[in-house]
Amino acid sequence: MKQTERIEEMEQRLNRASAAVMELSAAIDKYEATLEDVAKLEEYYNSSEWRQDFADDEAGLLPTGLKRGVLSEDAVWNLLSDHRDLKGRMQELCRHEPDNI
């Protein structure tokens, strides 16, 4: 490989990696800011309050215009599953990172 080709290739790698690091850093900041939300949702989802709210919704006791995505069994469950998967993925990524980085 010619010197100029090598430099051009490395420049492209630098640009891709720099952009990805900046985007990931911003995403992690945003994600980190919601960790308390995730914890509160998990606590609520596993509580008797959620079960009562769900039952009241099923019985038609809640206002019809009330947003109730949190009462769908799948929405919170999927979020919590995605959260656990993401944690595992990040841990795995860190374990497999080359030592020289």
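In which helix does Lys87 lie? Lys87 lies in helix α4, and this report sets out that helix and the other parts of the structure.

## Basis of the model

The structure is a predicted model, in which local features need pLDDT of at least 70 and side-chain atom pairs count only at pLDDT 80 or more, whereas totals for chains, interfaces and linings use all residues. Residues are numbered from 1 along each chain as its sequence is written, and side-chain values use heavy atoms, with hydrogens and water left out.

## Overall form

The protein contains 4 helices and 0 strands, and along the sequence its pattern reads α-α-α-α. Helices are DSSP runs of H or I with at least four residues, strands are runs of E with at least two, and both are numbered from the N terminus.

The C-alpha trace spans about 75 × 30 × 20 Å along its principal axes. The radius of gyration of the protein is 22 Å, while a compact globule of 101 residues would have one near 13 Å. This radius is taken over C-alpha atoms, and the globule rule is 2.2 Å times the number of residues to the power 0.38.

Of the 101 residues, 10% count as buried. Here, buried means under 20% relative accessible area, exposed means over 50%, and partly exposed lies in between (1.4 Å probe, protein chains only). Among contacts between residues at least 6 apart in sequence, 49% join residues at least 24 apart; a contact means heavy atoms within 4.5 Å.

## Helix α4

Helix α4 covers residues 73-95. The expected span of a helix is 1.5 Å times one less than its number of residues. For the 23 residues of α4 this gives 33 Å, which agrees with the 33 Å between its end C-alpha atoms. Within α4, the residues Val76, Leu80, Ser81 and His83 are buried. The elements that cover these buried residues include α1 and α2, the latter formed by residues 35-45.

Lys87 has a relative accessible area of 41% and is therefore partly exposed. In sequence Lys87 is 53 residues from Thr34, and their C-alpha atoms are 14 Å apart in space. Gln91 is also found in helix α4, and it counts as partly exposed because its relative accessibility is 46%.

Met10 belongs to helix α1. Its relative accessibility is 43%, so Met10 counts as partly exposed. Met10 and Leu41 are 31 residues apart in sequence, yet 44 Å apart in space from C-alpha to C-alpha. Leu24 is likewise placed in helix α1, and at 48% relative accessibility Leu24 counts as partly exposed. Between the C-alpha atoms of Leu24 and Asp85, which are 61 residues apart along the chain, the separation is 17 Å.

Asp57 is placed in helix α3, residues 48-58. Because its relative accessibility is 19%, Asp57 counts as buried. Leaving aside neighbours within four places in sequence, Asp57 is in contact with Leu62, Arg68 and Leu71.

## The largest pocket

Rolling a probe the size of a water molecule over the atoms shows where empty space is left. On a 1 Å grid over the protein atoms alone, a cavity is a set of points where a 1.4 Å probe fits but cannot get out, and a pocket is an open set with protein on both sides within 12 Å along at least five of seven lines; lining residues have an atom within 4 Å of a point. Grid points are joined across faces, edges and corners, and a volume is the space filled by probe spheres set on the points.

The largest pocket has a volume of about 380 Å³. Its lining consists of 10 residues, of which Leu24, Ile28, Met90, Leu93 and Cys94 lie nearest the centre of the pocket. The elements that give two or more residues to this lining are α1 (3-32) and α4 (73-95). The largest share, 5 residues, comes from α4.

By class, the lining has 8 nonpolar residues, no polar residues and 2 charged residues. In this division Ala, Val, Leu, Ile, Met, Phe, Trp, Tyr, Cys and Pro count as nonpolar, Asp, Glu, Lys and Arg as charged, and the others, Gly among them, as polar.
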